[in-house]
Amino acid sequence: MPLPKGRKAIAASLSRLPKLNSAETLEESAQVKRSTSPSNGAPKKRTAFIDITNAHKVQFSIPGKKKVGVKKQSRKANSTSVTTKNQENLQRSSSVSSEETQEPETVEQSSEAQEEPLKDEVAVAEELTAPSTPTAREVPSHLKKQPIPAEFDIDSENQDDCFLCPEYAKEIFDYLKEREEKFILSDYMSQQPTLNPEMRAILIDWLVEVQENFELYHETLYMAVKMIDHFLSKTPIHREMLQLVGSTAMLIASKFEERNPPCLDDFLYICDDAYKREELIAMEAKILQTLSFDINIPVAYSFLRRYAKCLNAAMDTLTLARFYCEMSLMDMDLVIERGSLLASACLLMAIVAKDLGGWSPILQFHTGYQPTDLIPVVRKLHKMLSAPPDSKLKAIRGKYSHRVFFEVASLPLVDLEVLEKVLSQ
């Protein structure tokens, strides 16, 4: 059906019209654009970059108006150009006749004498027109990019993939490793009068289920656990508020890591409506203020993926190391360990379990850890994994018992003596 003309008629009949096709939509948009012309009182358009470009120097020819004085100026310009050309031709002819009568030596001397002042004038003009650029300073030695030996280069093969940042990958992870020193934790459970390590383990086991149900990234889970630990190390809370802290930390981590994070109502739903919307929002503000809004905490999962790349490890080997690393989230004794060191110990245990060797020089180069640095963390991990499983904590073992994760949770654990022997070599 044809559209009625005029904006008022369109606005009044929108509720009665069916869906517009593309032609009708274009027609309506054309009417709206015509209504916002400067003649109707709308603000006039201007060039966006008029202050920083030469747009204000451009002269526009308006149809219907005659250019005043253009012909006269062109005639004057033509006449002046003719006279200058005539003078140049006279000078050339006189110079040619004079050069024919002179001897060769005098000609060379006169040409050299004319070239010298011309060179000086050109040099002065170049100095005046050249932009004043500051002198280049030498980069200090500690800021220069250190060359990576060819045998330790793991990023050159990804030069065409801009998402992996192959030019800066080594520097990025070195920076994250340095940043870990700002987020060192201690055993804070003594500062929590109503909490204990078992309650914390139950909370993390529940967060693993949340991560699976919402299909969130693993980095989101690790970051949420880090925020929980840092918040609890600074703020005593009651046990009834522990689940609220966990779900709120997961919400913040989702906003930081996910492309499409779950909404606030989803987290209220998974808490079985035990908390109100206002309480979750207030807890979100409290956690962020307590952490001074610095939540970009380096996590072990990121280091684990980087270090596994050094060996071109297969997916089953990496998944086994992830299982060890995710199990460590529930152990209070491993909270104090740095993420890079924890990831290195988990990867070593997976390498030995798959009989892929030991702590190679390329791993020492990229991790910065010697085999002796891993021994204390490997012992803690082995003690945790060899303990009988708790019937209340089933999420992680059930997750990694699935065939999608190569059923790595059912693999036998390597003996501690074998691990220490590999590290002592």
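Thr220 sits in helix α7, which spans residues 218-232. Helices here are DSSP runs of H or I with at least four residues, strands are E runs of at least two, and both are numbered from the N terminus. This is a predicted model, in which local features need pLDDT of at least 70, side-chain atom pairs count only at pLDDT 80 or more, and totals for chains, interfaces and linings use all residues. Residues are numbered from 1 along each chain as its sequence is written, and side-chain values use heavy atoms, with hydrogens and water left out.

Is Thr220 buried or exposed? Thr220 counts as buried because its relative accessibility is 0%. Buried means under 20% relative accessible area, exposed means over 50%, and partly exposed lies in between (1.4 Å probe, protein chains only). Leaving aside residues up to four places away in sequence, Thr220 touches Met250, Ala253, Ser254, Glu257 and Glu258. A contact means heavy atoms within 4.5 Å.

Now take the whole chain. It has 17 helices and zero strands. Of its 425 residues, 36% count as buried. The chain exposes about 28000 Å², and carbon and sulfur atoms supply 54% of that. These areas come from the Shrake-Rupley method with a 1.4 Å probe; for residues, only the protein chains shown count as cover. Among contacts between residues at least 6 apart in sequence, 76% join residues at least 24 apart.

Next, confidence. The pLDDT, the predictor's confidence in each residue from 0 to 100, averages 79 over the protein chain. At least 70 is reached by 67% of the residues. Over residues 1-63 the pLDDT stays under 50, and the model has 26 contacts beyond four places in sequence for them. Residues 65-77 also have a pLDDT below 50. That stretch has one contact in the model beyond near neighbours in sequence.

Then the interior. A nonpolar core is a set of buried Ala, Val, Leu, Ile, Met, Phe, Trp, Tyr and Cys residues joined through side-chain atoms within 4.5 Å. The largest one has 98 residues. Which residues have the most contacts inside it? They are Met227 and Leu381. Helix α13 (residues 339-353) gives the most to this core, with 11 residues. Met227 touches Ala249, Ile252, Ala253, Leu291, Ile295 and Ile297, again not counting residues up to four places away in sequence.

Charged pairs come last. A salt bridge is a side-chain nitrogen of Lys or Arg within 4 Å of a carboxyl oxygen of Asp or Glu. The whole structure holds 14 salt bridges. One joins Arg179 to Asp294, with the closest N and O atoms 2.4 Å apart. Arg179 lies in helix α5 (residues 169-179) and Asp294 in the loop between α10 (277-290) and α11 (300-309), so the pair ties together parts that are 115 residues apart in sequence. Both Arg179 and Asp294 are buried.

Glu326 pairs with Lys399 in a salt bridge, the closest N and O atoms being 3.0 Å apart. Glu326 is in helix α12 (residues 315-327) and Lys399 in helix α16 (residues 395-399), 73 residues apart. Glu326 and Lys399 are buried.

Glu420 forms a salt bridge with Arg379 at 2.8 Å between the closest N and O atoms. This pair links helix α17 (residues 416-424), which holds Glu420, with helix α15 (residues 371-386), which holds Arg379; the two residues are 41 apart. Glu420 is partly exposed, at 28% relative accessible area. Arg379 is partly exposed too, at 43%. Finally, salt bridges link Asp155, Arg306 and Lys309 in a network.
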